[in-house]
Amino acid sequence: MDKLVEIFCDVDDFCRVFIPEWEKTLLQSGQRQRRRQGRMTPAEIMTIIIEFHRSNYRKFKSFYLHHVARHLRDAFPELLSYTRFLEVMPGVLMPLCAYFTHLKGSATGIAFVDSTSIKVCHNLRIPRHKVFDGVATRGKSTMGWFYGFKLHLLINHRGDILDTKLTPANVDDREPVPTMVKGLFGKLYADKGYISQALSGKLYDQGIELITNVRKNMKPKLLSLWDRILLKKRFIIETINDQLKNISQIEHSRHRSLHGFMLNLMGGLIAYCLKEDKPSIMLSEQDMNSLHRLALTSA
């Protein structure tokens, strides 16, 4: 309960600053519209969405009816009915996206990049799938073919998310990287799927060195001890992808609209950002200095 109050206070403080400024930038249709305040504030709606992804419930309906309506009624005295809550949820999509941007981590000089599949239906149901028709595409990962999207993830060694990008499933993993690393510095560690001279050149121009292993049909590449150690630690981003899917529940095949999909995705990403025990590489300042000295001597 204390964590719920803490999240609500932080979300509410953010909404009090962001929403008035956001509303000033909205285009007007020229028609007079009612601006009546709803029973529940945007901060309350956002908090319930985030809390769902922090819970052990797999379905939002069960979470809302069996947990929120029964046990959190005192925390949300103006609680809406389930059907009405579904109607007002799309209205907080933009504040959720902005709040996620607010929670992103800072660059540390060590970053990892990877992508993961976001399946929206079983492969046998692709021909009759209508919700994401014209938006989702077929793609292939190490686990085989799938239908949906790719979530490209950029993190630092502390496990903080630096940036994300959602693309159709048939987009190359290397394509969104140059736009994701803006403002970063240091070294970027990736798997063999990111090997590209063109990409390495673009990142080098931005002050970032791309570090990958080599394929079997390529000549061996000399890597410093620092780089060899951190390449072995690249499993951290695989762990985060697994937690996003199985704990924060950003992937399922029950979506009924694109708005619902985006709300589920943003809620899961925010729930991960608010975790206190993120997967991380424990490097003290002394370790960082020692590894830097080793890197300089072996370079």
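1. Salt bridges: there are 14 of them here, counting a side-chain nitrogen of Lys or Arg within 4 Å of a carboxyl oxygen of Asp or Glu. Bear in mind that this is a predicted model, where local features need pLDDT of at least 70, side-chain atom pairs count only at pLDDT 80 or more, and totals for chains, interfaces and linings use all residues. Residues are numbered from 1 along each chain as its sequence is written, and side-chain values use heavy atoms, with hydrogens and water left out.

2. Start with Lys-3, which pairs with Glu-6 at 3.9 Å, N to O. The two sit 3 residues apart in helix α1 (residues 2–24), so about one helical turn separates them. Helices here are DSSP runs of H or I, at least four residues, and strands are runs of E, at least two, numbered from the N terminus.

3. Lys-3 also bridges to Glu-276, with the closest N and O atoms 3.7 Å apart. That one links distant parts of the chain: Glu-276 is in the loop between α10 (258–273) and α11 (285–298), 273 residues from Lys-3. Glu-276 is exposed at 69% relative accessible area, while Glu-6 is partly exposed at 48%. The cut-offs are under 20% for buried, over 50% for exposed and partly exposed in between (1.4 Å probe, protein chains only).

4. Now look at Asp-160 and Lys-278, a salt bridge at 3.8 Å, N to O. Asp-160 lies in the loop between β3 (144–156) and β4 (161–168), and Lys-278 in the loop between α10 and α11, 118 residues apart. Both residues are buried.
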